[in-house]
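Take a look at the model below and keep it open while you read. We'll walk through it helix by helix.

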Amino acid sequence: MDAALTAARLVNRRDDLDPAAAASVSKLLVNRAVALAVEAASAVLGPALAADLSDGGYAWSEFLLGAPALRIAGGTDEIQRTILAERHLGLPRDPR
């Protein structure tokens, strides 16, 4: 998880990358980090992740329920990959 976030930070600091390509790569990396965080929290907390409403428990429930929206907001992972492939790598468009 930390590696994905570090990579996203490094991509954003580079001046030689197209900003749109950097944004797509960063979004993919952050989405991966969030997915890993949800996986880790689920493994550690188990059912308490979604059911525990004690002090601090609500934050984990909110994170769990909000994580899928992060993958959709700003374009799904598939859309980001398509943007990178077609616009930045010059690959041909998918036939329709």
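First, some ground rules. This is a predicted model, so to speak of local features pLDDT has to be at least 70, side-chain atom pairs count only at pLDDT 80 or more, and totals for chains, interfaces and linings use all residues. Residues are numbered from 1 along each chain as its sequence is written, and side-chain values use heavy atoms, with hydrogens and water left out.

Let's start with helix α2, which covers residues 19-45. Helices here are DSSP runs (H or I, at least four residues), numbered from the N terminus.

Which parts of α2 are tucked away? The buried residues are Ala 21, Ala 22, Ser 24, Ser 26, Lys 27, Leu 28, Asn 31, Ala 33, Val 34, Ala 37, Val 38 and Ala 41. Buried means under 20% relative accessible area, exposed means over 50%, and partly exposed is in between (1.4 Å probe, protein chains only). Asn 31 counts as buried because its relative accessibility is 4%. Leaving aside neighbours within four places in sequence, Asn 31 is in contact with Leu 70, Arg 71 and Asp 77, where contact means heavy atoms within 4.5 Å.

Ala 40 and Ala 22 are 18 residues apart in sequence and 27 Å apart in space, C-alpha to C-alpha. Ala 20 and Arg 96 are 76 residues apart in sequence, with 25 Å between their C-alpha atoms.

Now for the packing. Two packed helices are described by the angle between their axes and the distance between the axes. Helix α1 (residues 2-13) packs with α2 at an angle of about 165°, their axes 8 Å apart. That angle is why α1 counts as roughly antiparallel to α2. The axes are lines fitted to C-alpha atoms over the stretch in contact, and angles run from 0 to 180 degrees between N-to-C directions. Angles over 145 degrees count as roughly antiparallel, under 35 as roughly parallel, 65 to 115 as roughly perpendicular and the rest as oblique.

Which residues of α1 and α2 meet? From α1 they are Ala 4, Leu 5, Ala 7, Ala 8, Val 11 and Asn 12, and from α2 they are Ala 22, Val 25, Ser 26, Leu 29, Val 30 and Ala 33. By class, this contact of α1 with α2 has 10 nonpolar, 2 polar and no charged residues. Ala, Val, Leu, Ile, Met, Phe, Trp, Tyr, Cys and Pro count as nonpolar, Asp, Glu, Lys and Arg as charged, and the others, Gly among them, as polar.

The 12 residues of α5 (residues 77-88) should span 16 Å at 1.5 Å a residue, and its end C-alpha atoms are 16 Å apart, which agrees. Buried in α5 are Asp 77, Gln 80, Ile 83, Leu 84 and Ala 85. Following α5 is Gly 90, whose phi is positive, near 75°. Helices α2 and α5 pack at about 150°, with their axes 10 Å apart, and that makes α2 roughly antiparallel to α5.

On the α2 side, Ala 20, Ala 21, Ser 24, Val 25, Lys 27, Leu 28 and Asn 31 meet Asp 77, Gln 80, Arg 81, Ile 83, Leu 84 and His 88 of α5. The residues of this contact divide into 6 nonpolar, 4 polar and 3 charged.

Last stop: Ala 50, found in helix α3 (residues 48-51). Is Ala 50 buried or exposed? Ala 50 counts as exposed because its relative accessibility is 53%. Not counting residues up to four places away in sequence, Ala 50 touches Ser 61 and Leu 64.

Key: Helix = DSSP H or I, 4+ residues; strand = E, 2+ residues; numbered from the N terminus. Expected span 1.5 Å × (residues − 1).
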